[in-house]
Amino acid sequence: MVKIIKADGTVETFKRENIENTVLKAGGSKKFAEEISSKVAKKIHKGSTTKEILKLTLKLLKEKPSVALKYDLKRAIMSLGPQGFTFEEYFSQLLKSYGYKTKVGIIMRGKATSHEVDVLAKKKKNYMIECKYHNRLGNHTNSKVAMYTYARFLDLRNNPKHKINKGWLVTNTKCTPHAIQYARGVGLKLTGWQHASKGGKNLQQLIMIQKAYPITILPSVFGDVKKGFVDAKIVLAKDVLKYNLAELKKKTGLKEKDLKKVMKECGKVCSG
């Protein structure tokens, strides 16, 4: 058993099935997933980091570009920043694909004080959502964040005007065991990269089911190009295909050559 080093510095045993499962989720066949995991297993050694393993895996996935892009989904989510408001807009759009009605960044008065709510979502219940965004691997969402979110929910719930039924903490990274334990104990809905409250789905699953990939999953979306799309509130890759070239140019203010490249990449990822 080969021991590898995770982004947070902890050590774990390398598991081929982790790579296989992720390749499958990204659209690769069972045979292809097994081939990739086998090749990775032969090249790693004791002390290899998860960052090195990811780089190696992506290199091997190059023969299937659309699979390679989707495999790198976690990195794409982290590239939405550096500020957290883009992640808030992204999660709001993701929820809309599940039939929720949402509002982003609104001020609501609680019993004791006012709160800026990241996302207000409605679907049978009214949810006050706190989005905890991290743009670095190894950062986890801890119990302090869960306690803070629940306290805000309690204050808002006490104002009958809002009719808030549930508090919801969403993060793009892992949740610590204490955060999970606390959320479960008080009934706070918790969605992490690989964690979901009972009966729910984790963030990775929510994205993959709807193919709601972030705009940053596309190789050409960075810098000014990313800013153009974010400012236009186009944060889902599949939403690019809702517009023609002229409409995108007007909405984003970007050059045609950049938009053509993005549209081409988007077609490959979203059709697979």
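Me: What does S220 touch, not counting residues up to four places away in sequence?
Reply: S220 touches V225, K261, V262 and E265, where contact means heavy atoms within 4.5 Å. Bear in mind that this is a predicted model: local features need pLDDT of at least 70, side-chain atom pairs count only at pLDDT 80 or more, and totals for chains, interfaces and linings use all residues. Numbering runs from 1 along each chain as its sequence is written, and side-chain values use heavy atoms, with hydrogens and water left out.

Me: Why is S220 called buried?
Reply: Buried means under 20% relative accessible area, against over 50% for exposed and in between for partly exposed (1.4 Å probe, protein chains only). S220 has 11% relative accessibility, so it counts as buried.

Me: What makes the pair S220 and E265 a polar contact?
Reply: The rule asks for N or O atoms within 3.5 Å; within protein, one must be able to donate a hydrogen and the other to accept it, and residues adjacent in sequence count only if both atoms are side-chain atoms. The side chains of S220 and E265 come to 2.7 Å, so the pair passes.

Me: Where does S220 sit?
Reply: In the loop between α9 (203-210) and α10 (223-231). Those labels are DSSP runs numbered from the N terminus: helices are H or I with at least four residues, strands E with at least two.

Me: Which residues of α9 are buried?
Reply: L203, Q204, L206, I207 and M208. They pack against α1 (16-25), α5 (73-78), α6 (85-96), β6 (166-171) and β7 (189-191). At the start of α9, a side-chain oxygen of N202 reaches to within 3.2 Å of the backbone nitrogen of Q204. Just after α9, K211 takes a positive phi of about 55°.

Me: What makes something a pocket, not a cavity?
Reply: On a 1 Å grid over the protein atoms alone, a cavity is a set of points where a 1.4 Å probe fits but cannot get out, whereas a pocket is an open set with protein on both sides within 12 Å along at least five of seven lines; lining residues have an atom within 4 Å of a point. The largest pocket here is lined by 39 residues, with T22, T50, K74, W193 and Q194 nearest its centre. Among the elements giving two or more residues to that lining are α5 and α9.

Me: Which element gives the most to the lining of the second largest pocket?
Reply: β7, with 3 residues. That pocket's lining numbers 21 residues, and W168, K189, G199, G200 and K201 lie nearest its centre.
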